[in-house]
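I'm jotting down what I looked up, one entry at a time.

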Amino acid sequence: MKIQEIQEEIVDEFAMFDDWMQRYEYMIELGKSLPLIDEQYKTEDNIIKGCQSKVWVHAELEGDKLGFTADSDAIITKGIIAILIRAFSGQKPQDIIDADTGFIDEIGLKEHLSPTRANGLVSMIKQLKLYAVAYQTQLN
Amino acid sequence: MIQTTLDIATIRKDFPILARKVNGHPLVYLDNAATSQTPKAVIDTIVDYYSRYNSNIHRGVHALSQEATDAYEQARAKLQLHFNVAKIHEIIFTSGTTHSINLVANGFASILEEGDEILVSAMEHHSNIVPWQMLSEKTGAVLRVIPMDESGDLLMDKYEQLLNERTKLVFCNHVSNALGTINPIEEIIAKAHAVGAAVLIDGAQAAAHLVADLQALDVDFYTASAHKMCGPTGVGILYGKESWLKQLPPYQGGGEMIAEVTFEKTTYADLPHKFEAGTPNICGGIAFGAALDYLQSIGFEAIAQYEDELLNYATEQLLKIEGLKIYGTARHKTSVISFNVGNLHPYDIGTILDKLGIAVRTGHHCAQPIMDFYQIPGTIRASFSFYNTREEVDILVEGIKKAVAMLS
């Protein structure tokens, strides 16, 4: 599936819920399916800055596609990174670089998250895209 | 049982912000240790200043300038009276406690020598650690830490052991922002003076809850911020004994702080202007005075008593939540409760509480050394003020239970 299609799928899933509590509970649920980062990559370097909780992300090239693993010490944050990784993992770096992330607004995440956490969300997207840029350069 | 004589329902009406909703819920504001809310009397003072007599102080010949100067100096006089300060020029207006501390730290750079020692308590706010680290780097003076125990009480015997003839400065907060501990500052000051060391007490957290009699304390420096005392942000004071303030060099150069300027030499103005370079936060200073008037009209004793009742009730109710642990159980504390529930991240709980309209602080509260001491990433901090209610404590407790259920 293309990034766009996965994002639409996620938006549809979140549209089933009519209040924030259910959306949060679903997000927490998604966090449990996050492909976990290998302990060896849980280093200071792999921590995303700008989040009050710790988020580690690792990226690896599998053929011409990028695979992400991650973890967080906070449950809600883990849910957020899980959603982003579901959209980006297994995609070509160039597609990740070009991807629009407006779906975050559509699932009501951005408006429902506290300002500092929203910043953390922005940092997470930025970090995933930076990985894509780095690996795209390598592919070239 | 709540025994207070205060009419909290009426008091709440003084604070327009308390009527608002957040995320569809009535606001439950429990972040008072960060910033207290502003009563209408203070808001009116600010509006009145800008509507009627906004102008620059101390130099105009015109009526507005004179009115502004009078109001600003009146505010200083109120603060002098409140803190029982001997001389009015011992009260310096600053932008807040952080500014006040930096002013003193900067001044001591020309006094301290290599090998001198500075003592800071283990429960300091970053703003009371970083300036001294910078001072220590600049002068070669050694920074030493007064340790605390698990409950958040300073180890006074260790403090005594640390004091010696090389100790030149001791810095300690009156009340810890992260733990609520009320430190035994009388004893801290007396013991420091016995070895000839000067003492700065950071009163930022204490000033809204306790009245510090600065002459009786015989403290060398004391600081307070208006925004923690129902006043506006961006204004505070530094109290300094006249002898010290005369000895310290000016912090910033600019207007107001000079007596005479030629390109060869500048002579500095007398106190307090020597430390008040540039146009100050005039409106803020005046509003600080109005905030003090407001708090005095409620009564500091009644405030302390009621907040104590709230603290006891909240402590009791919170401890009923399974797995909840309170950090900071000192013998004497203000209405601040820092806690975690099980292994849940404070940020997760804080986020859910926000969704329920409950404002708490999460994180390290600018006191990372304390979090390192307890080996935790941070805490959730609920801090209560006299306009909070028992019902709000109940809403907090229910909110935490809801968050825990969602997150577990």
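Entry one, the sheet in chain B. I found an open sheet of 7 strands with mixed pairing, in the order β4-β10-β9-β8-β7-β5-β6. Strands (E, at least two residues) and helices (H or I, at least four) are DSSP runs numbered from the N terminus, and two strands pair if DSSP finds at least two bridges between them. β4 (91–94) and β6 (142–146) of chain B are the edge strands, each pairing on one side only. From one strand to the next, the twist averages 20°.

Before going on, I noted that this is a predicted model: local features need pLDDT of at least 70, side-chain atom pairs count only at pLDDT 80 or more, and totals for chains, interfaces and linings use all residues. Residues are numbered from 1 along each chain as its sequence is written, with chains lettered from A and ligands numbered from 1 in the order in which they are written.

Entry two, one strand pair. I checked β5 (residues 117–121) of chain B against β6(B): they pair in the parallel sense over 5 bridges. B:L119 stands opposite B:R144 in β6(B).

I counted two residues as in contact if their C-beta atoms, placed from the backbone, lie within 7 Å. The contact takes 13 residues from chain A and 11 residues from chain B. On the side of chain A that touches chain B, α2 (20–32) and α3 (75–88) of chain A each supply at least two residues. Which helix gives the most to that side? I found α2(A), with 5 residues.

Note on methods. Axes are lines fitted to C-alpha atoms, for helices over the stretch in contact, and angles run from 0 to 180 degrees between N-to-C directions.
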